[in-house]
Amino acid sequence: MTEDAFRLTGPDGKVTTLPVRKGSVGPDVIDISALYQEQGVFTYDPGYRATGSCESDITYIDGELGILMYRGYPVEQLAAKSNFIEVSYLLLHGELPTASELEKFDNTIRTHTMLNEGMLAFFKGFRYDAHPMAMLSAVVGSMSAYYHNEMDAKNPEHRDIFAHRILAKLPTIAAAAYKLNIGQPFMYPRNNLNYCENLLHMLFAVPAEPYQIGPIAAEALDLLFILHADHEQNCSTSTVRMAGSSGANPYSAIAAGVAALWGPAHGGANEAVLKMLTQIGDASQIPKFVAKAKDKNDPFRLMGFGHRVYKNFDPRATIIRDMCYKVLKHLGRSDNPMFDLALELEQVALKDEYFIEKNLYPNVDFYSGIIYRALGIPTSMFTVMFAIGRSVGWTAHWREMIADPAARISRPRQLYTGPKERSYVGIDQR
Ligand code: SDX
């Protein structure tokens with residue numbers, strides 16, 4: 001390999017030069033777009049472990065060093081100094097806003113929080129015990145039925161309105177799903193409240209009496225949304241890009257991202273962590289479950305551990321663990337058995353050879369559920385909370401993809417291992 005190319009010699013001796021492209025930071029990439037045409041072969045990378053699917057300016061992660069940056073700003077600094085609305089502006093527009101830009105953006109989000117009354121009617125069609133993620137993906141998808149004629153993806157103003165609606169309305173849809181599950185009346189948003197206060201109001205207020213928003217609850221949610229806001233080309237973000245690449249209505253592309261996030265290997269892990277901790281029960285059972293996680297014949301995995309990219313630690317997990325302790329202490333529940341069990345499980349796993357060898361550390365989902373539960377949010381709503389935070393990342397990536405003049409439909413190839421050509425056999429001869 002020279003400074004800027006790989007040379008590949010095919011079985012027939014033909015040499016193909018594959019250019020190397022350099023990013024602003026992080027690994028270089030080999031541009032293989034000429035490979036099939038020149039060598040008649042595809043690359044093969046199931047799960048895309050070593051494949052860059054696109055060029056992006058939005059988020060950078062370094063799995064070895066545990067680095068996460070949004071538009072170049074370390075997430076630790078944003079978690080300590082910023083707030084979710086400001087971080088959303090940064091992810092969508094690429095720069096931190098001035099005071100007037102932030103005020104305008106915040107006001108715009110506050111004035112897009114209501115749903116069309118027809119959209120609210122969908123909730124009357126769901127069973128009372130429908131999973132909130134099922135309702136979220138259905139109702140977000142229905143947004144394409146309300147805004148299809150105001151959506152010219154090539155129009156920057158339409159791309160802005162789309163972003164504002166997704167960011168503003170997901171908390172309202174999420175809260176409506178929760179209220180359906182608990183049989184309480186839907187609470188309309190209050191635009192005099194900030195983003196997280198409004199969500200808490202819609203989740204926990206009732207018409208019968210005033211609701212006092214806990215400041216620590218709003219602070220914790222804001223931090224969690226910052227930490228969940230974006231994460232490069234993860235499964236759900238890649239799904240949004242893939243769906244959007246065909247020119248599909250962007251609200252449908254976001255609904256596809258919601259569906260992908262739901263899986264327990266991805267955003268559904270926070271719900272799975274709480275179920276796992278409940279299953280473990282107490283610290284005496286930890287060795288048994290760690291052994292199950294290591295047993296190749298046992299499908300059990302330690303949920304909230306491991307990551308495709310982070311091979312030392314997930315910087316978000318560290319910040320969330322500290323916030324978890326702060327919330328529990330503030331609520332007078334620092335002796336929370338679930339948190340104590342999680343801390344003990346982390347200590348045991350981090351000392352275990354298997355987890356060390358396979359680079360398995362707590363990820364973003366390991367502690368977040370304990371905070372949500374302490375705030376009174378049920379386990380079934382945990383992934384919905386993840387989706388609210390990630391909605392701005394999905395939207396930012398869709399905008400980046402759709403605004404790229406070189407963008408084309410995503411269409412991977414395959415290694416075919418099925419039957420070779422054969423002729424049809426009549427049913428009387430089978
Ligand atoms: C998120 O991509 C992102 O950025 C995602 C995310 C985001 O912000 O968008 O960070 C959010 O999805 C976090 C991950 C949440 N998922 C979980 O906590 C579920 C439990 N973790 C795993 O299922 C797994 O670790 C993944 C899915 C997270 C990563 O899977 P990979 O990269 O495909 O790794 P792998 O499954 O190939 O595992 C490598 C090895 C395997 O053993 P071997 O086949 O090499 O012998 O590690 C083992 C796995 O069996 N392993 C685990 C394990 N995770 C991996 N063993 C026990 N417990 C686990 N949790």
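**Ligand shell.** I looked up which residues surround the ligand and found 25 of them, with Arg 49, His 231, His 307, Arg 308 and Arg 316 as the closest; a residue is near a molecule if one of its heavy atoms lies within 4 Å of it. The model is predicted, so I note that local features need pLDDT of at least 70 and side-chain atom pairs count only at pLDDT 80 or more, whereas totals for chains, interfaces and linings use all residues. Residues are numbered from 1 along each chain as its sequence is written, and side-chain values use heavy atoms, with hydrogens and water left out.

**Distances to the ligand.** I then read off that a side-chain N or O atom of His 231 is 2.5 Å from an oxygen atom of the ligand. From the backbone, an N or O atom of Gly 304 lies 2.8 Å from a ligand oxygen, and one of Phe 305 lies 2.9 Å from a ligand nitrogen. Taken alone the ligand exposes 1,000 Å², of which the protein buries 80% (accessible areas by the Shrake-Rupley method with a 1.4 Å probe).

**Sheet.** I traced an open, antiparallel sheet of three strands in the order β4-β5-β6, strands being DSSP runs of E with at least two residues, numbered from the N terminus, and pairing requiring at least two DSSP bridges. Because β4 (59–62) and β6 (73–74) each have a single partner strand, one side of each is left without a neighbour in the sheet. Strand β5 (residues 67–70) pairs with β6 over two bridges, and I noted Pro 74 in β6 as the bridge partner of Met 69.

Terms used
Helix = DSSP H or I, 4+ residues; strand = E, 2+ residues; numbered from the N terminus. Polar contact = N/O pair within 3.5 Å; in protein donor to acceptor, adjacent residues only side chain to side chain.
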